[in-house]
Amino acid sequence: MTSIWEYANPKKFMQTSGRFLPWIAGLAALCMVGGLIWGFFFTPNDYKQGSTVKILFIHVPSAMIAINGWGMMLVASLIWVVRRHHVSALAAKAAAPVGMVMTLVALITGAIWGEPMWGTWWAWDPRLTSFLILFLFYLGYIALWQAIDNPDTAADLTSVLCMVGSVFAFLSRFAVDFWNQGLHQGASISLDGRDDMANVFLFPLLTCMLGWVLFFLTLVLLRTRTEIRARRLKALIARERMG
């Protein structure tokens with residue numbers, strides 16, 4: 001049986017990702033467009049929130065990706081620290097800007113949704129505050145990669161930062177469960193089967209979530225492939241100068 005670590009080889013990664021990338025991108029587009037059309041045009045208005053509730057088809061998937069994107073970066077960073085596979089470090093680096101944008105989208109859509117529901121664009125709610133801190137960690141992670149010339153040193157330091165930031169990613173997900181006070185409602189979907197959402201909203205939301213996950217995967221693969229090519233080009237330029 002082929003070891004999973006074989007795909008940490010840049011050449012193997014490029015071959016495999018190039019083969020599957022068009023299919024992942026196509027399925028992502030199909031699920032995202034189909035889910036958004038289904039959610040915005042073929043679901044009824046909520047009896048309390050009216051049409052405002054439909055922003056959940058953007059807000060919930062983007063928030064999910066923002067949190068789990070950092071989790072993916074944490075796993076990739078740990079692989080780098082333990083096994084020193086460069087592809088994992090580059091994958092974490094590639095995921096950071098995507099996760100940062102997703103976090104920003106979640107913050108903006110949350111504010112748009114919150115103003116008519118809560119009467120304010122922002123509140124220092126535990127989940128909102130931890131989410132804002134997570135956004136700042138994304139910015140710091142990206143800045144740290146840019147500030148250090150040596151790629152291995154940058155990978156080491158950003159891995160440490162990623163581990164620290166994971167605390168706020170965890171709090172962003174479970175803050176409502178830890179603190180009963182706050183404006184933000186509980187999770188829209190849970191694994192215990194107690195989903196407080198009608199199927200007419202649940203099914204298009206699940207479609208959107210699948211689409212956003214595949215969209216995130218598409219962008220991370222594209223950016224990781226770009227990082228590998230940039231690393232190869234830099235090595236070739238250095239070799240030419242030495243020769």
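Ala155 lies in helix H5. In this predicted model, Ala155 counts as buried because its relative accessibility is 2%, and the cut-off for buried is under 20%. The C-alpha atoms of Ala155 and Trp80 are 7.8 Å apart, although 75 residues separate the two along the chain.

Trp80 belongs to helix H2. The relative accessible area of Trp80 is 1%, so this residue is buried.

| Pair | Separation in sequence | C-alpha to C-alpha distance |
|---|---|---|
| Ala155 and Trp80 | 75 residues | 7.8 Å |

**The whole chain**

The protein chain has six helices and zero strands. Read from the N terminus, its elements run α-α-α-α-α-α. The chain has 243 residues, and 41% of them count as buried.

**The core**

Which residues have the most contacts inside the largest nonpolar core? They are Leu56, Trp70, Met73, Phe131, Tyr141 and Leu205, and the core itself has 45 residues. Several helices contribute. H2, H3, H4 (126-147), H5 (151-178) and H6 (199-242) each supply at least two residues of this core. H2 gives the largest share, eleven residues.

**Helix H2 and its neighbours**

H2 covers residues 56-83. Its length can be checked. With 28 residues at 1.5 Å a residue, H2 should span 40 Å; the C-alpha atoms at its ends are 39 Å apart, which agrees.

Next comes packing. Two packed helices are described by the angle between their axes and the distance between the axes.

Take H3 to begin with. This helix covers residues 86-118, and its axis comes within 7 Å of the axis of H2. The two axes cross at roughly 155 degrees. Angles over 145 degrees count as roughly antiparallel, so H2 and H3 are roughly antiparallel to each other. H2 passes H3 in a left-handed crossing. Which classes of residue make up the contact of H2 with H3? There are 19 nonpolar residues, nine polar ones and no charged ones.

H6 is another neighbour. The axes of H2 and H6 come within 9 Å and cross at roughly 40 degrees. That angle makes H2 oblique to H6. The crossing of H2 past H6 is right-handed.

H4 packs against H2 as well. Their axes are 11 Å apart, and the angle is about 45 degrees. H2 and H4 are therefore oblique to each other. Their crossing is left-handed.

What follows just after H2? Arg84 does, with a positive phi of about 60 degrees. Arg84 takes this positive phi although it is not a glycine. Its place is in the loop between H2 and H3. Is Arg84 buried or partly exposed? The relative accessibility of Arg84 is 38%, so it counts as partly exposed.

**In brief**

The chain is made of six helices, with zero strands. H2 runs roughly antiparallel to H3, and lies oblique to H6 and to H4. Trp80, in H2, has its C-alpha atom 7.8 Å from that of Ala155, which lies in H5.

Technical notes
Residues numbered from 1 in each chain as written. Predicted model: local features only at pLDDT ≥ 70, side-chain atom pairs only at ≥ 80, totals over all residues. Heavy atoms only, no water. Axes fitted to C-alpha atoms, helices over the stretch in contact; angles between N-to-C directions. Helix = DSSP H or I, 4+ residues; strand = E, 2+ residues; numbered from the N terminus. Parallel < 35°, antiparallel > 145°, perpendicular 65-115°, else oblique. Left-handed = near helix turned anticlockwise from the far one by under 90°. Nonpolar A, V, L, I, M, F, W, Y, C, P; charged D, E, K, R; others polar. Expected span 1.5 Å × (residues − 1). Core = buried A, V, L, I, M, F, W, Y, C linked by side-chain atoms within 4.5 Å. Buried < 20%, exposed > 50% of the residue type's maximum accessible area, 1.4 Å probe, protein only.
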